[in-house]
Amino acid sequence: MSQPELYPQLRGDSALQTGDGEHPTPAWISTTRPLDADRWSRYFWRVLAIPLLLFFLIPIVLLFFRISPAQLLKTLGEAPVQQAIGISLKTTLISLGATVLLGIPLAYLMGRHRFRFKNVLDTLIDLPTVLPPSVAGVALIIALGRRGVFGAWLDALGIQIAFSQVAVILAQIFVSAPFFVRAASLGFAAVDAELTQAAQLDGASRWQVFRYVILPLTEVALISGAVMSWSRALGEFGATIIFAGNFPGRTQTMPMAIYLGFESNNLDAALTLAVILVAISFLSLLLVKGLVSRRRD
Amino acid sequence: MMNGLLRSTFTLACLGLLATLSTACTFPGTSTPRSASGAEVVLNVFAAASLTAPMEEIKKEFEAAHPNTRLVINFAGSQQLAQQIISGAPADVFASANQQQMDALIEEGQIAGSASRPFIKNRLVVIFSKDSNAGLDDLVDLAKPGVKLILATREVPVGQYTLDFLDLAAQDANLGSSFKEGVLSNVVSYEDNVKAVFAKVALGEADAGIVYSSDVTGPDAGKVGQIKIPDAINIIATYPIAVLKDSQNPGLADEFVNLLLSETGQAILSRYGFMRIDP
């Protein structure tokens, strides 16, 4: 059972190693080619790969050098910084839970069923990942704001979403859930029909097939999708500041505190939070990559 | 076939990179004046972003009166503008939203201390959503429990001005000492810029907010009502303007400043919510 390729960019083997002899030489390449040409080709691609690689690396690495560990610890002790971290963790964990619970049925439908207009639905689900987050924020205000289509109705019932932590969570789900649904539906699609049929023949109920056959086989897809989705939610800024506003201790998340810290010359707070976010994102992507490559082996 | 396609793509990419590199190092509005042949003269005006709408109108006025002159206006935050000028961007006139950035250029020797003079004022005003049923008629209503209020965050100048206003208001006998606390407990969001405060009140997401009087213009201005803040407790921002020492056309630059100070200029600016310099 091979796992689907969810995130080619997360693959364990590095594209930079081309020509290192990991892959057998295809028949159409003349084996009489001089060794020097191979070596030349290797250096050629390595040198060309450097500019973009440095462009990614240098700014991120410099973030870590811009603030001393002592200063980082001192800023970490400040109440607004701690509040922002607390709110980010709390809201992203809730939105992750909601994403997984509500995302699995949708992903299952997309991965294992055929129906009309499936392509259109598929594209719609991907839409939030390519839209600018500001569009998501305006859309959420129009739907759920106090004068919005559903918001006005909720307002009459005494429920107000805008400017609350619920708004922060909804904005995060809106922009991050598609990452989970995408990964999970590819996972569900890759489960071999023979396996589920065999289980059914052995008398397993539909629920048992899902719980004991499909779910274990899609574990990696679900976990990596969840981690990707969570990292995206953690970094969410544009939709949140529009829909949930900015209130320290209530709706101010880490990305918001970074932006405001930068605007107010409070660079230390901005850098501390930025360093933490970079570290969390790096570790979670590394985790996904490790999981995916371990399961493949 | 594929090779040819690849090669032309590569060539295009190289050309694109070259073009980017060659333009990246120039500042906006860097056209050199071409006055010698009697052709077009370019006047570079660096103006605070809040002046955008009235300046566009004044530009038309000025260009109509000076047929061979083209006005290039660079709008940005005053602090950015000052940074650009210090870094060598060619500017003839600098119109700042606060004295601080003007002083920075005087200190750098780009502007003579005597050249800077105030040309317009801006003040805070309370705006409320016309859809709101919070019953807002007077400043004191801002502290009523249940009113949803949006302010600018203290990190941006208008947010700090708002807090300064609340301090002054708390000393006012009519509003009472608990006014500031009452107002702050009604705040649902501190926006990172004043335009977002206006937008969210105009949308009806909040009942009221505090913005510059010059922000209550444009297509959405009809969606909000205004409550004036008396001058005695208001924070009034004075905008200074100056011709730069290195101006290529100091005479023309002076004429532009004079247009802003004239009845015509002041009338245009006051139509966009600014206060005349000599009331």
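What follows is a walk through the domains, a few helices and the chain contact of this predicted model. Residues count from 1 along each chain as its sequence is written, and chains are lettered from A in the order in which they are written. Because the model is predicted, local features need pLDDT of at least 70 and side-chain atom pairs count only at pLDDT 80 or more, while totals for chains, interfaces and linings use all residues.

Chain A first. Its domain assignment (bounds come from an automatic or database assignment) gives domain 1 at 14-66 and domain 2 at 78-296. The centres of domain 1 and domain 2 of chain A, taken over C-alpha atoms, are separated by 35 Å. Their contact takes 4 residues from domain 1 of chain A and 4 residues from domain 2 of chain A; two residues are in contact if their C-beta atoms, placed from the backbone, lie within 7 Å. On the domain 1 side, those residues split into 3 nonpolar, no polar and 1 charged. Here Ala, Val, Leu, Ile, Met, Phe, Trp, Tyr, Cys and Pro count as nonpolar, Asp, Glu, Lys and Arg as charged, and the others, Gly among them, as polar.

Helix α8 (residues 193-201) and helix α9 (residues 206-217) of chain A have axes that come within 10 Å and cross at roughly 140°. Axes are lines fitted to C-alpha atoms over the stretch in contact, and angles run from 0 to 180 degrees between N-to-C directions. α8(A) and α9(A) are therefore oblique to each other; angles under 35 degrees count as roughly parallel, over 145 as roughly antiparallel, 65 to 115 as roughly perpendicular and the rest as oblique. From α8(A), Leu195(A), Thr196(A), Ala199(A) and Gln200(A) make the contact, and from α9(A), Val209(A), Val213(A) and Ile214(A). By class that is 5 nonpolar, 2 polar and no charged residues.

Gly151(A) belongs to helix α6 (residues 151-156) of chain A. Gly151(A) is buried, with 22 other C-beta atoms within 10 Å; buried takes 20 or more such atoms, exposed 12 or fewer, and partly exposed is in between, with C-beta atoms placed from the backbone. Beyond its neighbours within four places in sequence, Gly151(A) touches Ala143(A), Leu144(A), Gly145(A), Arg146(A), Ile161(A) and Ala162(A). Helix α12 (residues 254-263) of chain A is mostly covered, with 7 of its 10 residues buried, among them Met254(A), Pro255(A) and Leu260(A).

Between the chains, 14 residues of chain A are in contact with 12 residues of chain B. α12(A) supplies the largest share of the chain A side, 3 residues. That side of chain A divides into 7 nonpolar, 4 polar and 3 charged residues.

Over in chain B, the domain assignment gives domain 1 (38-120 + 238-271) and domain 2 (122-236), with C-alpha centres 30 Å apart. Contact between them takes 5 residues from domain 1 of chain B and 6 residues from domain 2 of chain B. Helix α2 (residues 52-65) and helix α8 (residues 250-261) of chain B pack at about 125°, with axes 11 Å apart, and are therefore oblique to each other. Ile58(B), Glu61(B) and Phe62(B) of α2(B) meet Phe256(B), Leu259(B) and Leu260(B) of α8(B), a contact of 5 nonpolar, no polar and 1 charged residues.

How values were computed: Helix = DSSP H or I, 4+ residues; strand = E, 2+ residues; numbered from the N terminus.
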